[in-house]
Amino acid sequence: GLEKYSLEQAQQYAMQHSYVLHNTRQDIAKAQKEVWKTITIGLPQVSGSANYNMFLNLPVSLIPGEFFGGEPGTYMPVKFGQDYNSDFGFTVSQLIFDGSYIVGVGSSQIYLNLAKQASEKTEIDIREAVAQAYYLVLIGLENKKVMEENLVNVTKLYTETKAYFDNGFREEQDVDQMRLMVKNAENEVVKAEREITVAKVVLKYVMGYEMEKEIDLTDALENFLVPLMASTPSGFDISGHIDYRLANTNWQVSEKLLKLEKAAFLPRLSGFYSYSKTSYGNQANLFKEGVSWYPSSLMGFQLSVPLFNSGQKMFKVNQAKIELDKAETQRKLAEVTLQKDYLTAVADLESALEKLGNDKENRELAEKILEKSKIKFNNGITSSTELSQIETQYIQSYGAYIGSTLQVLQAGLKLKKATGKL
């Protein structure tokens, strides 16, 4: 069946079905996994191993001959060991201190916030795209309605003129002129229908809606125009705007990267415990009853201290400082840009509202002139050519009014986005 959507419902649908949003949410899931991946580096690490070896030739060692009563300076070849050996064991290690790890955990949380904010910005862009497409459909429907009314009026005028001509009260040129006006009116209706079709395709696309399914809108143009005409802009909170928050998070990332490079100068301390069992024999089966297994265990600490690296780490620290300075500048730029966007959006809305008022008045005047001209034409005072020109003037003035209406809606949307309320 035909599904109907208000603008808010269309935007909610897009939040659930947009292909673009699906990918940004996957980025959030990926960042969440990255947080846990970083945290696990500092958790106990356990590894196990097992070996089974068979010597094809046992290693030979040379022992001084005098050990066995031989001549000094001579050596006796001796084989140590047995043909088969096996061992198994496990090692537990625990990171005790690593400056890079501490900074890394904090950085991964910031990257998660960055992914979430990027997804939020994408949601805002999609809501804006849905609203733009929704407005275009509404404008198209309004335009089609007026063009259809005009076609009805022109067709009626043509019918009356033809009747007058058939009775000898009109010239054939008047009939032809009226017929031409009907054809032009029909073209305007067809054009309006195609514009609606295209606008609906765009709306379905940005919503993630199936192209084959029909869609209808429940909101009227007045629902959006009236609040804009009555609204008075009252500023906004820059710190809450998504663009500023993104710039601020990027600054935090640069700050953490600087700390990470500095942490590379700190020592790294870890502890470990190792346990294993080993067995030897001249028989292949070392796992049968009666074969001895000899345990061994080891516990210790490992300290790694960076001493000298030809200045590589210092170069990286200096590079990170430059990136932090750039991020700070970018944050200031974001703040100034948002102020500029807000002031521009306010001015654009005021201009669009003024133009809408003027175009509405012009449309009403053109309609009034057209109605009077039709009466004059019926009374033989105005020629068909003059009437055709006046009808074209009315279509143009109405087109200007429709264009101004769309400009107001777009300016209102721009202001909403500039204030972070979209």
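**Ground rules.** I number residues from 1 along each chain as its sequence is written, and I use heavy atoms for side-chain values, with hydrogens and water left out. As the model is predicted, local features need pLDDT of at least 70 and side-chain atom pairs count only at pLDDT 80 or more, while totals for chains, interfaces and linings use all residues.

**Whole chain.** I looked up the secondary structure and found eight helices and eight strands; these are DSSP runs numbered from the N terminus, helices being H or I with at least four residues and strands E with at least two. The radius of gyration is 41 Å, well over the 22 Å that the globule rule gives for 422 residues, so the chain is more spread out than a compact globule. That radius is taken over C-alpha atoms, and the rule is 2.2 Å times the number of residues to the power 0.38. Along the principal axes, the C-alpha atoms fill a box of roughly 150 × 50 × 35 Å.

I then checked burial (buried is under 20% relative accessible area, exposed over 50%, partly exposed in between, with a 1.4 Å probe and protein chains only). Of the 422 residues, 36% count as buried. For contacts, meaning heavy atoms within 4.5 Å, I took those with a separation of 6 or more; residues 24 or more positions apart account for 81% of them.

**Helix α6.** I find α6 at residues 242-263, with 22 residues. From its first C-alpha to its last it reaches 31 Å, close to the 32 Å expected at 1.5 Å a residue; the expected span is 1.5 Å times one less than the number of residues. I listed its buried residues, among them Ile-242, Tyr-244, Leu-246, Trp-251 and Leu-258. Their cover includes α3 (99-166) and α7 (312-378).

**Gln-11.** I placed Gln-11 in helix α1, residues 7-17. Gln-11 counts as buried, at 14% relative accessibility. Leaving aside neighbours within four places in sequence, I see Gln-11 in contact with Arg-127, Val-130 and Ala-131.

**Ser-310.** I looked up Ser-310 for its backbone and found phi near 60°, a positive value in a residue other than glycine. Most residues other than glycine have a negative phi. Ser-310 sits in the loop between β8 (294-304) and α7. Ser-310 is exposed, with a relative accessible area of 52%.
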